[in-house]
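Subject: Handover of a predicted structure

Dear colleague,

Please find below the structure that I am handing over to you. My notes on it follow.

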Amino acid sequence: MIPPLKPGARLLQPNGPVIETERLLLRQWRGDDVAPNTAMLADPGTARFITVDGKPVTSVLNGWRNAAIMAGHWVLHGVGMFVVEEKSSGKFVGRVGPWFPPGWPGFEVGWGIATEFRGKGFAVEAARASIDWAFATFDIDRIIHCIDRENTASQGVARRLGASKDGEFDLFGHVADVWVTHRNTWKGQVRQN
């Protein structure tokens, strides 16, 4: 990692929004998120749907690169995917939030949840909070969710959020569905710190 700082020296720390839900904190990225994010992406079932090539991340360097992309989206655009942290344990649950890289079909709120935290409603809880925040922050009428046609778990999350399919998108060389959440039909609530 980086060398120790000299006495009195300070580094820039991101000071983005923190969103609190009943069980979760959605917050900025930190250096200690790299390892659990890499572990999440090392799972073949997870990597299949959220890495560019659909392959597990197996090296520390590639895991670091992925986390740097997530954190860098915030630096470049002032918005990005939040780290999702379980409040009761402080554990990394996954990443959820806005995503709009070049060539993307619209302003997305996406999600990726580590295997050990699936099936507990965390994806819906975090995505709901992120969508609330996005509609409160941006002058947009719709938020998209790009979901691989074989990713039935994410399709279920989209349905629970009230999203509906509204087109297709070439997602890293294969067709994915574009689901849409509309502002005029959205109902949500969130507490922000």
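How many aromatic pairs does the structure hold? The structure holds eight of them, where rings of Phe, Tyr and Trp (its six-membered ring) pair if their centres lie within 6.5 Å, with planes under 30 degrees apart counted as stacked, over 60 as edge-to-face and the rest as tilted. Helices (H or I, at least four residues) and strands (E, at least two) are DSSP runs, numbered from the N terminus. F82 counts as buried at 0% relative accessibility, and W133 is buried as well, with a relative accessible area of 6%. Here buried means under 20% relative accessible area, exposed over 50% and partly exposed in between (1.4 Å probe, protein chains only).

F117 and F122 form a tilted aromatic pair, with 6.0 Å from centre to centre and 45° between the planes; both F117 and F122 are buried. Ring pairs also link W74, F82, F107, W133 and F138 into a cluster.

Residues are numbered from 1 along each chain as its sequence is written, and side-chain values use heavy atoms, with hydrogens and water left out.

As to the overall fold, the chain contains five helices and nine strands, in the order β-β-α-α-α-β-β-β-α-β-α-β-β-β along the sequence. Its radius of gyration (taken over C-alpha atoms) is 16 Å, close to the 16 Å that the globule rule gives for 193 residues, so the chain is as compact as a globular protein of that length. That rule is 2.2 Å times the number of residues to the power 0.38. The C-alpha trace spans about 55 × 35 × 35 Å along its principal axes. Of the 193 residues, 47% are buried.

The largest nonpolar core has 53 residues, and those with the most contacts inside it are L26, W111, I143 and L161. Such a core is a set of buried Ala, Val, Leu, Ile, Met, Phe, Trp, Tyr and Cys residues joined through side-chain atoms within 4.5 Å. Helix α4 gives the most to this core, with 10 residues. Leaving aside residues up to four places away in sequence, L161 touches W111, V124, A127, R128, I131 and W186, contact meaning heavy atoms within 4.5 Å.

I143 also brings us to the strands. In β8 its bridge partner is T181. Strand β6 (residues 142–148) and strand β8 (residues 174–182) pair in the antiparallel sense over seven bridges; two strands pair if DSSP finds at least two bridges between them. Six of the seven residues of β6 are buried.

Finally, A163 lies in the loop between α5 (152–160) and β7 (164–171). A163 is buried, with a relative accessible area of 8%. Residues up to four places away in sequence not counted, A163 touches H145, A158, W179, V180 and T181.

With kind regards

Technical notes: Predicted model: local features only at pLDDT ≥ 70, side-chain atom pairs only at ≥ 80, totals over all residues.
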